[in-house]
Amino acid sequence: MNDSKTTIPDLTYLFIRNTDRVHYQASVAELVEYAIVNREGNLSDTGALSADTGRFTGRLPADRYIVRDEVTEDTVWWGNVNQPLSETSFEFLFEQVGVYFNDRNIFVRDGIAGADTNHSIGIRTITETAYQNIFAHNLFIRPAAFDPTARPEWSVLAAPGYTCTQPEALGLHHGNFVVISFKRKVVLIAGTGYTGEIKKSIFSVLNYTLPLNKRVLSMHCAANTDDHGHTALFFGLSGTGKTTLSADKGRMLIGDDEHGWDNNGVFNFEGGCYAKCIGLDENKEPEIFRAVRFGALIENINFFPGTRVPNYDDVSKTENTRVAYPIHHVPGGVASGRASAPKNIFFLTADAFGVIPPVSLLSTAQAMYHFMSGYTAKIAGTEQGISEPRAVFSACFGEAFLPLHPSRYAELLKDRLVAGKIDVWLINTGWIAGPYGIGRRIKLRYTRSIIQAALSGTLKESTFRIHPIFRLRYPTSCPDVPDAVLDPIQLWPDEQAYYAQASQLAKLFHANFKKFAKEVSDEVLAAAPVAMESAFPI
């Protein structure tokens, strides 16, 4: 069956031979109708489809694999992030998932990843559910025209209802899995309905092919620009404010999560956004709040009782509530997905230890050090067993999606920084005046003022101090921000306690960076914090 009255593509190369129940390039309206009729979800008061992703409400890094073959053997950064799977196991699973699809209604969508046609790839996404296909429609770039007789370069098979019955025999940990084959150019996603696995698998693909084959820096970052072409990049892990800070009504959004940077500038990998919904408030994040309308997909949300109004403060299902929407839901988005090279780069960290300055201007060596460190912190309540702040280091602010060694991406960043006049800032969107539980989180309006001052150039006109432990240059004044907020040391009531806490975090930086020591220059190693044994600086 095909609601869109278009030719059904040949899917036999994916082991899908029965096309009687294939929905190809179905419209969003058709997909929403199917999802509601088949009880995949309900409409919210603003018309967004609300769906639950089932057992899993987030990615499962421990169940992600890359096929080890002659293509990947000597290039992939093998380890806990990139676990190897044999070709034999992959081929078995590939056929099993394809055959599984033969007896079901499936949804097939052709899209594109990469707004720059010099670097883009075609993607055919086959999903078991309609809501997953809405996600693919929103997050991948939607082609102006499509040819069902053409075969896109990559295929993604997402089958949440399939689980492997003999995982250990095939080299898997569990019956659910995500497997990427660079040789076959196929991604298998099974046993999970969490849609983020779809986008992050293709992000991993581009993180491999673009740096390795084209020397394009692939980046886990948001990007925006202005009428003068002054582009800014925002790197950061979940919870640091990457999506929030890039969605600025005074600037034009290029994309909120994944980009490439070549000699011609920056380009979005995606056609939409996948934003966190926890605590979503129209006054604080108006662009994201208003994007939740017909065509958008909200995941794992509860409604207020007796209504269809989402309760964004209800995290009883998960703290990882999400909304996926096409980029045109954000007013002023850059339709082409392309912009000039950045003038400013922001590394965002939610420091729950309360010791990192709210803003620091980095040297090139410091930029490489903090890029490879990718520091943020998790706080009590975000994961079971966490009772105090815990440092998290994710190389290049996206280690879970890096098939190559982090030094490859850092070297590409260095080349870009050296080639242009670019300011790199470390922004603490986390805690000040004490650690989590004692201090307070810096106000969003202060962070926005800091970003604005950096973008306008006024922040560089301030007097700067050197932090005695982190060796960061931080300004002493910023428009619309109290001077006291900018100095992390003065805000603490107990200076000795501050230095003890800062020194402890410095030691964690050192311990994490040991694995990179042989891959970087002495200049980068010298950009590390000073881990002091005494409480006060000497």
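How many disulfides does a search of the whole structure find? The search finds zero, a disulfide being a pair of cysteine sulfur atoms within 2.5 Å. The model is predicted: local features need pLDDT of at least 70, side-chain atom pairs count only at pLDDT 80 or more, and totals for chains, interfaces and linings use all residues. Residues are numbered from 1 along each chain as its sequence is written, and side-chain values use heavy atoms, with hydrogens and water left out.

Two cysteines illustrate the result. For cysteine 273, the closest cysteine sulfur belongs to cysteine 277. The distance is 12 Å, too far for a bond. Cysteine 273 is buried, at 0% relative accessible area (buried means under 20%, exposed over 50%, partly exposed in between; 1.4 Å probe, protein chains only). For cysteine 396, the closest cysteine sulfur is that of cysteine 221. Again the separation is 12 Å and too far for a bond. Cysteine 396 is buried as well, with a relative accessibility of 3%.

Charged pairs are present. Side chains of opposite charge can pair when their charged atoms come close. The count comes to 19 salt bridges, where a salt bridge is a side-chain nitrogen of Lys or Arg within 4 Å of a carboxyl oxygen of Asp or Glu.

One of these joins arginine 68 to glutamate 73, with an N to O distance of 3.2 Å. Arginine 68 is partly exposed at 31% relative accessibility. Glutamate 73 is also partly exposed, at 36%.

A second bridge connects glutamate 153 and lysine 185, at 2.9 Å from N to O. This pair links distant parts of the chain, 32 residues apart. Glutamate 153 sits in the loop between helix H3 (130–139) and strand E8 (154–159). Lysine 185 sits in the loop between strand E9 (177–181) and strand E10 (186–190). Helices (H or I, at least four residues) and strands (E, at least two) are DSSP runs, numbered from the N terminus. Glutamate 153 is partly exposed at 38% relative accessibility, and lysine 185 is partly exposed at 31%.

Aspartate 226 lies in the loop between strand E11 (217–225) and strand E12 (231–236), and arginine 251 in the loop between helix H6 (242–246) and strand E13 (252–255), so the bridge ties together parts 25 residues apart in sequence. Both aspartate 226 and arginine 251 are buried.

Salt bridges also form a network. Its members are Lys199, Lys200, Lys242, Asp257, Glu258 and Glu270.
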